[in-house]
Amino acid sequence: MSHQHRLYFNALAQEWPSRREPETELEARLEGFDIGEGDWILDLGAGKGRLAAALRSRCGTGGRIVALDCAERMLAAGADEYTAAGVEPLCCDASLLALRAESFDKAVCLGTWPHFRHPQRVMQELLRILRPGGGLLILHTCSSRELNRYHALLPGVVAADRLVSARTLARELAGCGFVSLLHEEGPRQYRVQAQKPGGEPS
Ligand SMILES: C[S@@+](CC[C@H](N)C(=O)[O-])C[C@H]1O[C@@H](n2cnc3c(N)ncnc32)[C@H](O)[C@@H]1O
């Protein structure tokens, strides 16, 4: 893990917003991802629980949601959000997931992918913990070009963090063993969707 990223996000935890947009906007971004009642969902790089309520409303009370983040202060600062939505915080690095193999139906990663030091390892770990046929959704609320321009202006370790284009990320996921389902980006949106091979035919 990047210890510097952990320190960076820990230092920002108090001022980091839990919510950035109306709930309906987040709900809309989850459209087409097919989260079902009772699904087990991993929120990767969950921060202070921006997705917690939206995920809960999709998987219902029978679902399980784990909010994973390497910055313990981000998770602690989001405790109210997590408790309200019945979400389990887990402090852990994305490249070494302390989770059982083939235990999750879905993994979502909002606003976090460019911060991973070892994205290939993260992909392999996601392949390991997802059930056959399990889905992965990588989201940003702007294009890679917009995000990279923004990061370059920031002080600290994230200034060098770059998001590859949605097309490139889809290709990298396919190279790692995922089935690539969709990639699109434009102003105010970036979406890459993939699936672990196998599972029941739908
Ligand atoms: C830009 S924030 C996004 C947080 C949240 N998803 C949101 O949209 O508000 C990125 C988050 O990813 C976490 N993070 C960065 N690198 C990580 C890693 N290697 N493993 C787990 N979490 C990581 C950071 O601690 C931070 O909380």
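The model is predicted: local features need pLDDT of at least 70, side-chain atom pairs count only at pLDDT 80 or more, and totals for chains, interfaces and linings use all residues. Residues are numbered from 1 along each chain as its sequence is written. Helices (H or I, at least four residues) and strands (E, at least two) are DSSP runs, numbered from the N terminus.

**Sheet**
- Seven strands form an open sheet with mixed pairing, in the order β3-β2-β1-β4-β5-β7-β6.
- Its edge strands, β3 (88-91) and β6 (179-186), each pair on one side only; two strands pair if DSSP finds at least two bridges between them.
- From one strand to the next, the twist averages 15°.
- β1 pairs with β2 (residues 64-69) in the parallel sense, over 5 bridges.
- Leucine 44 has leucine 68 in β2 as its bridge partner.

**Helices**
- Helix α8 lies across β5, β6 and β7 (189-195) and runs at about 165° to β6. Axes are lines fitted to C-alpha atoms, for helices over the stretch in contact, and angles run from 0 to 180 degrees between N-to-C directions.
- Two residues are in contact if their C-beta atoms, placed from the backbone, lie within 7 Å.
- Helix α6 (residues 119-129) has Val122, Met123, Glu125, Leu126, Leu127 and Ile129 buried. A residue is buried if 20 or more other C-beta atoms lie within 10 Å of its own, exposed if 12 or fewer, and partly exposed in between, with C-beta atoms placed from the backbone.
- The cover over the buried residues of α6 includes β1 (40-44), β4 (104-110), β5 (130-140) and α8 (166-176).

**Ligand shell**
- The ligand is surrounded by 19 residues, the closest being Phe9, Gly45, Gly47, Ala71 and Ala94. A residue is near a molecule or strand if its C-beta atom, placed from the backbone, lies within 6 Å of it.
- The shell has 9 nonpolar, 7 polar and 3 charged residues. Ala, Val, Leu, Ile, Met, Phe, Trp, Tyr, Cys and Pro count as nonpolar, Asp, Glu, Lys and Arg as charged, and the others, Gly among them, as polar.

**Positive phi angles**
- Most residues other than glycine have a negative phi.
- Aspartate 34, not a glycine, has a positive phi of about 60°. Aspartate 34 sits in the loop between α2 (23-30) and β1, and is partly exposed, with 15 other C-beta atoms within 10 Å.
- Arginine 188, also not a glycine, has a positive phi of about 65°. Arginine 188 sits in the loop between β6 and β7, and is exposed, with 11 other C-beta atoms within 10 Å.
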